[in-house]
Amino acid sequence: MDFKNLVAHCKEYGFIFQSSEIYDGLSAVYDYGPYGVELKNNIKAYWWKSMVQMHENIVGIDAAIFMHPKTWKASGHVDAFNDPLVDNKDSKKRYRADQLIEGYAEKIEQKINKDVEKAREKYGEAFDEAQFRATNGRCIERQKQIDAILARLGAAMKAGDMEDLKAQIEEYEIACAESGSKNWTEVRQFNLMFNTQLGNIAGEEGKLYLRPETAQGIFVNFLNVQKSTRQKIPFGIAQIGKAFRNEIVARQFIFRMREFEQMEMQYFVRPGTEMEWYEYWKAARLKWHKALGTDDRKLRYHDHDNLAHYANAAVDIEFDFPFGFRELEGIHSRTDYDLTQHQELSGKKLQYFDPEQNENYIPYVVETSIGCDRMFLAVVSNALTEETVPDAEGQESTRVVMKIHPALAPVKIAVLPLLKNKEALTETATLIYNDLKKHFNCQYDEKDAIGRRYRRQDAIGTPYCVTIDFDTLEDGTVTIRDRDTLEQKRIKTEDIYNFVQEKVSFESLLG
Ligand code: ATP
């Protein structure tokens, strides 16, 4: 399904609304509706189960959003959490200079892809894409061009060379997408942290930041957690919580928001063992995504070409969103940078005594960091499908179905009396519903023809519907319908719980 329809579907079916919509909305801020909050909670529960509860040596915390302002000085966010900002003087639109340049490189890549597709059509079955890319003169030339553009961009970003970014925009003759104008301001650094003010202290002294990542709440609590839980290295601390970034360009729905939620885990390890753990978490996190049944071709690793100054290895897990492959999750080896910084600025020792080595040291950290909202978007875009299926009368009809893994589905089961004006049916259905709702998020629906009710459940991804008909009254069986296969079978009322529980449990995902 294309992106526009996906966004419309999310609104129509109560997954996601624009924030403050009646006031024309607040850009890059979204509210989760009744089904959205269920799905989001299930994503968080899957993450928490597999990261925290499945590991004896990983524990959770829930740190406050506000932190002492020195935290952000120590972490480097005050001085370096910037994006390069450029304004178009004619349209007054703001852009990230690096994204403009990346967009230019992407256009060249699209040309390569076009050539590849043309060749594929021409050569048919015999076509070898890798060989074509490696030997076709025009492809090679264009790829070289892309590599050079990205290398120069990377170098300028790393050096914080705003002048060179401006020079690149001019050299490539990049125009504003809105106005077509090439009339740009200078490129300047823009800090992404939101700030606010403490009530009882005036001026700079009372300046507070809304956290731009959850990780720092974990670093500053590292010893509190270690001592109170008597963890031995290696061990991890995990957290799910809100983060805020004043993104310059916030497009693409919930992919890039100004208020969002992160699920992060910092794993504290003995220095020198970090690469081992980096490889471990890199594999573990990809497995977590694949367990949901996501098409293998939609997930890939992307190694960072330019490492942040504190990292000695970093990789993204990218997902093929409706607008292309983009970062979904990051796995970073952060060395002892953060803890060392906090130790210096706070003057408090943040060292761990290793009883096996009989020495004190500042641990190294490997982190896994995923945006809950991006995961939501990945799940929905992977699941939302438009397809042709036979309807109740056996005629072909199209349906929109959200093929979400049952463990994540917002509603697990819908209870549907075949007819709404037959009291015996609605009474029995209500009894079944009242029992099931203790165990699962359920829906009772008696309105409209059964086919329409099925379609409504398909659209929100309900994996099972049970129908109560006259046979139910005779023999205590119901029809249970599978969302994906459309298979319907009769099972005993008392077996519904076990049948559904097995399918919607996280167990199958945890390996
Ligand atoms: P990007 O390059 O896309 O801005 P990032 O590299 O700055 O992302 P990290 O700082 O590594 O992102 O944050 C970890 C995760 O948090 C990302 O993988 C992403 O899933 C999520 N995330 C970051 N920024 C946003 C945002 N503005 N909106 C939604 N999710 C976000």
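Trainee: Where does D448 lie?

Mentor: In this predicted model, D448 sits in the loop between strand 20 (442-444) and helix 15 (450-460).

Trainee: What is phi of D448?

Mentor: Phi of D448 is near 75 degrees. That is a positive value, and D448 is a residue other than glycine.

Trainee: Is D448 buried, exposed or partly exposed, and why?

Mentor: Start with the cut-offs. Under 20% relative accessible area counts as buried, over 50% as exposed, and in between as partly exposed. D448 has 29%, so it is partly exposed.

Trainee: Which loop holds R230?

Mentor: R230 is found in the loop between helix 10 and strand 9. Its phi is positive, about 50 degrees, although R230 is not a glycine. Now apply the cut-offs again. R230 has 71% relative accessibility, so it counts as exposed.

Trainee: Which residues does a cis peptide bond join?

Mentor: Look at omega. For the bond between I233 and P234, omega is about 5 degrees, and this peptide bond is cis. P234 belongs to the loop between helix 10 (222-229) and strand 9 (235-244).

Trainee: Now a helix. How many residues has helix 11, and how far does it reach?

Mentor: Helix 11 covers residues 274-290, which is 17 residues. From its first C-alpha to its last it reaches 24 Å. That is close to the 24 Å expected at 1.5 Å a residue.

Trainee: Which residues are buried in helix 11?

Mentor: First, the general idea. An α-helix has 3.6 residues a turn, so residues three or four places apart point the same way. Now the case here. E274, Y278, W281, K282, R285, L286, W288 and H289 are buried in helix 11. They cover an arc of only 150 degrees around the axis, so they fall on the same side of helix 11.

Trainee: What does the face turned away from the buried side of helix 11 carry?

Mentor: That face carries the exposed residues E276 and K287.

Trainee: Step back to the whole chain. How many helices and strands has it?

Mentor: The chain has 18 helices and 23 strands. Its C-alpha trace spans about 80 × 65 × 50 Å along the principal axes. Of the 511 residues, 49% are buried.

Trainee: What is the accessible surface of the chain?

Mentor: It comes to about 25400 Å². Carbon and sulfur atoms account for 48% of that surface.

Trainee: How many side chains are positive, and how many negative?

Mentor: There are 68 positive and 82 negative side chains in the chain. The centres of the two sets lie 2 Å apart.

Key: Residues numbered from 1 in each chain as written. Predicted model: local features only at pLDDT ≥ 70, side-chain atom pairs only at ≥ 80, totals over all residues. Heavy atoms only, no water. Helix = DSSP H or I, 4+ residues; strand = E, 2+ residues; numbered from the N terminus. Buried < 20%, exposed > 50% of the residue type's maximum accessible area, 1.4 Å probe, protein only. Areas by Shrake-Rupley, 256 points an atom, 1.4 Å probe, with all protein chains shown as cover. Lys, Arg positive; Asp, Glu negative; His and termini not counted. Charge placed at Lys NZ, Arg CZ, Asp CG, Glu CD. Expected span 1.5 Å × (residues − 1). Arc of directions from axis to C-beta.
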